[in-house]
Amino acid sequence: MRDVAIIGVGLTQFGENWDQSIRDLFAEAALKAMESAKIEKVDSLYVGSMSSGLYAYQEHLGSLMADYVGQIGVPAVRIESACSSGGQAVRMGFLDVASGMHDIVLVGGVEKMWDVEDGTFVLATAADQEYEVYNGVTFPGLYAMMARVYMERYGLTREELAQVPIKNHKHGVNNPYAQFPFEIDLKAVLSSSMVADPLRLLDCSPITDGAACVILCPLERAKEFTDKFVKIRAVGSASGPIAFHDHKDLTRLDAVKLAGERAYKMAGLKPEDIDFVEVHDCFSIAEILVAEELGFFDYGTAGKAIAEGQATYGGKIVINPSGGLKAKGHPVGATGVAQIVEAYLQLTGQAGKRQVSNARFGMTQNMGGSGGSCVVHILEAM
Amino acid sequence: MAISQRYTREIPHRYRLEAQKFPSGFVSLPRRYVDPISGSREFEKIRLSGKGTILSYTIIYVSADQFKLLTPYAVAVIETDEGARVTAMMTDTNFEDLKIGARVEFVFRKIMEEGASGIINYGYKAKIIK
């Protein structure tokens, strides 16, 4: 396999982008990425999107996006794995370059979420339609049931759980692309409306329009295009049960553990080597469970550690310097690519006020459903 | 909405709790072809007794449109006495009686309607056994 580099990135503003359609979003991020890599033509294109059909009544995104970014003729396909669609698209791009099949690959993720009314239904299609959703469960509901068991078993308090979104909003203040770049306090979290007990509105990542793109090429060619590039050191991907109830232990996300182990093994690295990690904090409890599965904290301890400041600047590891899904926003199919963009910016010293100093290794963790799929990347500064 | 046939296919599982028991001990309410634990393709057909225990629960305040009139309502992950894991809406239950470890039984209930001209959907819900 060839080593693979990221040579350019592009992001749209995350938020309620009323003036932008799904193709506008993708084109903006893709053209920015191509400009930053100083390229005009790509050899192959992947686009991650969870549910463009239900959100924007538009399938066939490979063709649409190749057409609208001036790349008609290239192989172009959409990758879908619920909320991990973006990260899985990056993995496909990585494999495409690593295999020697193509040299310059455009990978993007996009979701246009504000054009539909019943977004709760669309998101729930990532769960088991006939045996979960049919019986009334929602996505916040599934994570609420994880939180319920975790809090009871490990004694995590409601106030401690609230420290996850409080921390991520604090980070998000310094992200110009974030949907909610402002701080929230404990009172705001605890008085926000109940969504699925014990999770409240400010435990939940928002509904977001947005797109993110990266340009990949063989590491040996990266310098032809730019001096700002990073190496994709490793990728690990895994599947888990589609139904939350089939997780043997309801506080464990086996697919995250598997994907993490595969990435660490491929990289030859350990959790203590990682300087920062972008995790899939779709709900406050998710960041806690993921931080444990990736080996940053022992089982049952991440909640209290995050509440004590171990996951921010000066702590054990910086988790979600971008603000995470909570503050940055969660355009579902774009999220996994946006995480990679954040890691690229951090590792090339372009993260501004949220820069993690002397960062050499950054990790991204992108998850689908209630743990039904997960993809982990480890990026290295060059 | 031509989803009535999608509904009728699941009737044995939803109305009669027909399940499969695999050699590893894994019990599946949905129809399966392979034991996710052992990989075995052999199984025994069983009917769940309808009794079980709550492993976790939540109270849903923001639902998808088809359940809006029911909010707030409780949903639980239940392990049946045979070992099947099932997600079910709770019914005839006070929220304060919900707890991890509480005993429940399944009852036959209306689940939803498929719009003005569609069929009425039935299935199981669970209630606390006092």
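Predicted model: local features only at pLDDT ≥ 70, side-chain atom pairs only at ≥ 80, totals over all residues.
Local features need pLDDT of at least 70, side-chain atom pairs count only at pLDDT 80 or more, and totals for chains, interfaces and linings use all residues. Residues are numbered from 1 along each chain, chains are lettered from A in the order written, and side-chain values use heavy atoms, without hydrogens and water.

Q: How many residues of chain B are in contact with chain A?
A: Contact means heavy atoms within 4.5 Å. Chain A brings 29 residues to these contacts, and chain B brings 37.

Q: What area is buried between chain B and chain A?
A: Buried area is the accessible area (1.4 Å probe) that two parts lose on being put together, summed over both. Carbon and sulfur atoms give 54% of it. The total is about 2900 Å².

Q: Which residue of chain A forms a salt bridge with Arg14(B)?
A: A salt bridge puts a side-chain nitrogen of Lys or Arg within 4 Å of a carboxyl oxygen of Asp or Glu. The count between the two chains is three. For Arg14(B), the closest N and O atoms are 2.8 Å apart, and the partner is Glu130(A).

Q: Which residue in β4(B) stands opposite Ala196(A)?
A: Strands are DSSP runs of E, at least two residues, numbered from the N terminus. Two strands pair if DSSP finds at least two bridges between them. Strand β5 of chain A (residues 194-197) and β4(B) pair in the antiparallel sense over two bridges. Opposite Ala196(A) stands Ile60(B).

How values were computed: Helix = DSSP H or I, 4+ residues; strand = E, 2+ residues; numbered from the N terminus.
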